Amino acid sequence: MSDALPALDASRIRLVLLDSGGANLGSVQAAFARLGVEAPVTSDAQRIRAATHVLLPGVGAAGPAMARLRANGLDRLIPTLTQPLMGICVGMQLLFEHSVEGEVDCLGLLPGRVERLPESPGVRVPHMGWNGLQAASAETAAHPLMAGLDGRHAYFVHSYAYRGDANALATSTHGQPFTAIAARGHVMGAQCHPERSAATGARLLRNFLSL
């Protein structure tokens, strides 16, 4: 499969990273820089509303991340946004209604609960390392966020995930299937770390910026 990326007009893009307190902000910014796009971190409502694309990063736990969003008012702002919005890793988990990690209510932009991945013989949690992306259906494989991603491998580090199939574009399997990429209208999520997923991650981020 070719790693060729679609053309991207960086001059039209005003991307912002939401200040969710994640320790991976620098590496996410570097991933976008490799695409020729600046990715400033902000919690300023005016700047966020003026953005063409909004990314919600996150590492660590859902509870502290939601507490950070509530502290800077982003929990109220995010649901009002209409431009393409994507959460990655814990940022994706925050898009759902609830996480059992700390039993915290989240943003509710995607229906469902984030649950702990089940352990079994030979299946350790956290799920760490490279794993395949499988389109949930032929229809979801045609979603623009999925362009060039079906069958590719991405890098994961997580203990929790959404394990339902509502709004799933792609799944991955660690003992049991979980939703790896989801979308509902302008709201999208990727459970993997695109900034650590080499060509696959670059393709995912560029697909997002092309929306």
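A residue is called buried when its relative accessible area is under 20%. By this criterion C192, with a relative accessibility of 3%, counts as buried in the predicted model described here, and C89, with a relative accessible area of 4%, is buried as well.

Although the chain contains these cysteines, the structure holds zero disulfides. For C89, the nearest cysteine sulfur is that of C192, and it is 8.6 Å away; a disulfide would require the pair of sulfur atoms to be within 2.5 Å, and therefore C89 and C192 are not counted as joined.

Charged side chains were examined next. The count comes to four salt bridges, among them one in which the side chains of D19 and R68 meet with a distance of 3.0 Å from N to O. This pair links distant parts of the chain, since D19 belongs to the loop between strand 1 (15-18) and helix 1 (25-33), whereas R68 belongs to helix 3 (residues 62-71), 49 residues apart. The two partners can also be described by their accessibility: D19 is buried, with a relative accessible area of 16%, while R68, at 35% relative accessibility, counts as partly exposed.

Another of the salt bridges is formed by the side chains of E115 and R163, for which the distance from N to O is 3.5 Å. Because E115 lies in strand 7 (residues 110-116) and R163 lies in the loop between strand 11 (160-162) and strand 12 (168-174), the pair ties together parts of the chain that are 48 residues apart in sequence. Here E115 is partly exposed, with a relative accessible area of 30%, and R163 is partly exposed, with a relative accessible area of 30%. A further salt bridge brings together the side chains of D75 and R76, with a distance of 3.7 Å from N to O; at 59% relative accessibility, R76 counts as exposed.

Strand 7, which carries E115, is also part of an open sheet, in which four strands are arranged in the order 6-5-7-11 with mixed pairing. The edge strands of this sheet are strand 6 (104-105) and strand 11, each of which pairs on one side only. Within the sheet, strand 5 (residues 96-99) and strand 7 run parallel and are joined by three bridges, and S99 stands opposite V114 in strand 7.

The loop between strand 6 and strand 7 contains L109, which, at 15% relative accessibility, counts as buried. When neighbours within four places in sequence are left aside, L109 is in contact with I78, P79, L85, L95, R184 and V187. A separate distance relates L109 to L94: although these residues are 15 residues apart along the chain, their C-alpha atoms are separated by 8.7 Å.

Methods:
Residues numbered from 1 in each chain as written. Predicted model: local features only at pLDDT ≥ 70, side-chain atom pairs only at ≥ 80, totals over all residues. Heavy atoms only, no water. Buried < 20%, exposed > 50% of the residue type's maximum accessible area, 1.4 Å probe, protein only. Helix = DSSP H or I, 4+ residues; strand = E, 2+ residues; numbered from the N terminus. Pairing = 2+ DSSP bridges. Contact = heavy atoms within 4.5 Å.
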